[in-house]
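Biologist: I would like to learn how to read a sheet and its packed helices in a model of this kind. Could we go through the features one at a time?

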Amino acid sequence: ARIKASLPGVPVVVGGVHAILYPEAVLSIPEVDFVCTGEGEGTLVSFCAALRDGNPLAAIPGIGYRGVDGLPVIEGRASLLPGLDGPLEDRMVYYRRYGMLRDDEQKQFVASRGCPYRCAFCFNERLLDLFPGEWGRVRMKAPAHLISEIEAARALSPIRSIFFADDLFASDNRWLAEFGRFYRERIGIPFMCVTRADRIDAETARLLREAGCRTVSFGVESGNERLRKQVLGKAIGDDEIARCAGLLHAEGIRVQTSNMFCLPDETLEDAFATVRLNVRIGADFVFTPLFLPFPGTKLAGYCVEKGYLPADFGFGDLPESFLTRSVLDLPDRRRIENLQRIAYFLVKYPSLLGVAEWAVRRVTASWCYYPFLFAGTVLRYKAERGLSLWGAARFLLRFRKSF
């Protein structure tokens, strides 16, 4: 809204996962003129050329707009890019204006797109339906191209560590072996990546270590195996999670896990089981958001059916953050939220579990637990991503509205 007020004559185009999944909802925002309903690299170029030349937008698949009657018009979806090795991105576009991005000690890169799995809580489930036969194929950048991207970014700004923000970074050992050779020779900076527990074997763990991987993140989601498999649709057992953590630790790689609290059907005992599973596998760091269903998804429908959400649940009911408040009406919600806020320290210092169980059951005032959420977040950023204390604090400052 502020951009439109300052530049009323400039078209506003929205892209990204939310725009792809909910184009009509995005176009209901008065200040939005257009929406991109797929990968934008090619679509946006065609769109800008059409605006420049006065050509009809109806000829551009992947662009949505409001028609003469004010209703959304979605012109189909463009096919996904066949490959990801296009021109190198120009990060100076951002660094020139946003010093905080330029000065971040950790820089993010994406080595691949796509995921074949249908976890019920993840946007990939919907993308698999919207792009059948396309999104399920993991498209990898050529290792040499990815290394050139990193070198170009490092020439603009110092990099202390790297985070590969793929859904499945370690999904192809042949690719990983070639990438590792290039990375050791030309980059040599510790990195962190994301994968699934059932995609890690002994060879993958070795290749990650040889490449320079410091931390691997994968999803635990819940310590209750039934919830993980039947409600969340993630068919990975506790033993597979423990095996993955063991293989990584054997190579000297630290483990970060992603977990969710206040899940549908979750009890306080289930939430403590999540903490205990992380203790069992020796998780070095835990990411502990609250479950946040999005309107129109299967899991949101399940929550409405079970009475955890109202029948008219919509985007207006979503909080600004998935770290501070659950939207589900669970019997143990207040206590589970408080456990989520201290979970980092319980995994780090499991001897505190007995005291925590007593406190969480009896002391429900949320203000008692919030300081642990702030402190745990800063310490986690610092250690898992190889940042200085100041760098971790700056990172938290960027996401202060999450709290």
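**Strands and their partners**

Biologist: How many bridges join strand β10 to strand β11, and in which sense do the two strands run?

Modeller: Strands of a sheet pair through backbone hydrogen bonds, either parallel or antiparallel. Here strand β10 (residues 213-221) and strand β11 (residues 254-259) run parallel and are joined by 6 bridges, where pairing requires at least two bridges found by DSSP; strands are DSSP runs of E with at least two residues and helices are runs of H or I with at least four, numbered from the N terminus. Within this pairing, E221 stands opposite N259 in β11. This is a predicted model, in which local features need pLDDT of at least 70 and side-chain atom pairs count only at pLDDT 80 or more, while totals for chains, interfaces and linings use all residues. Residues are numbered from 1 along each chain as its sequence is written, and side-chain values use heavy atoms, with hydrogens and water left out.

Biologist: Which strand does β11 meet over 3 bridges?

Modeller: That partner is strand β12 (residues 285-287), which runs parallel to β11, and T257 stands opposite V286 in β12.

Biologist: In what order do the strands form the sheet?

Modeller: The sheet is open and has 6 strands in the order β5-β8-β9-β10-β11-β12, with parallel pairing. β5 (106-109) and β12 are the edge strands, each pairing on one side only, and the twist from one strand to the next averages 25°. Elsewhere in that order, strand β8 (residues 161-164) pairs with strand β9 (residues 191-194) in the parallel sense over 3 bridges, and F163 stands opposite M192 in β9. Helix α10 (residues 202-211) packs on the sheet, where the helix touches β9 and β10, and its direction makes about 140° with that of β10.

Biologist: How are helices α15 and α16 arranged?

Modeller: Two packed helices are described by the angle between their axes and the distance between the axes. Helix α15 (residues 333-348) and helix α16 (residues 353-362) pack at an angle of about 160°, with their axes 10 Å apart; angles run from 0 to 180 degrees between N-to-C directions, and axes are lines fitted to C-alpha atoms, for helices over the stretch in contact. The angle therefore makes α15 roughly antiparallel to α16, a class for angles over 145 degrees. Their contact (heavy atoms within 4.5 Å) is made by R335, L339, I342 and L346 of α15 and by L353, A356, V360 and R361 of α16.

Biologist: Which residues of helix α18 are buried?

Modeller: In α18 (residues 389-398), the buried residues are G391, A392, R394, F395 and L396, where buried means under 20% relative accessible area with a 1.4 Å probe, counting protein chains only. These buried residues pack against α6 (99-103) and α17 (370-384).

Terms used
Parallel < 35°, antiparallel > 145°, perpendicular 65-115°, else oblique. Buried < 20%, exposed > 50% of the residue type's maximum accessible area, 1.4 Å probe, protein only.
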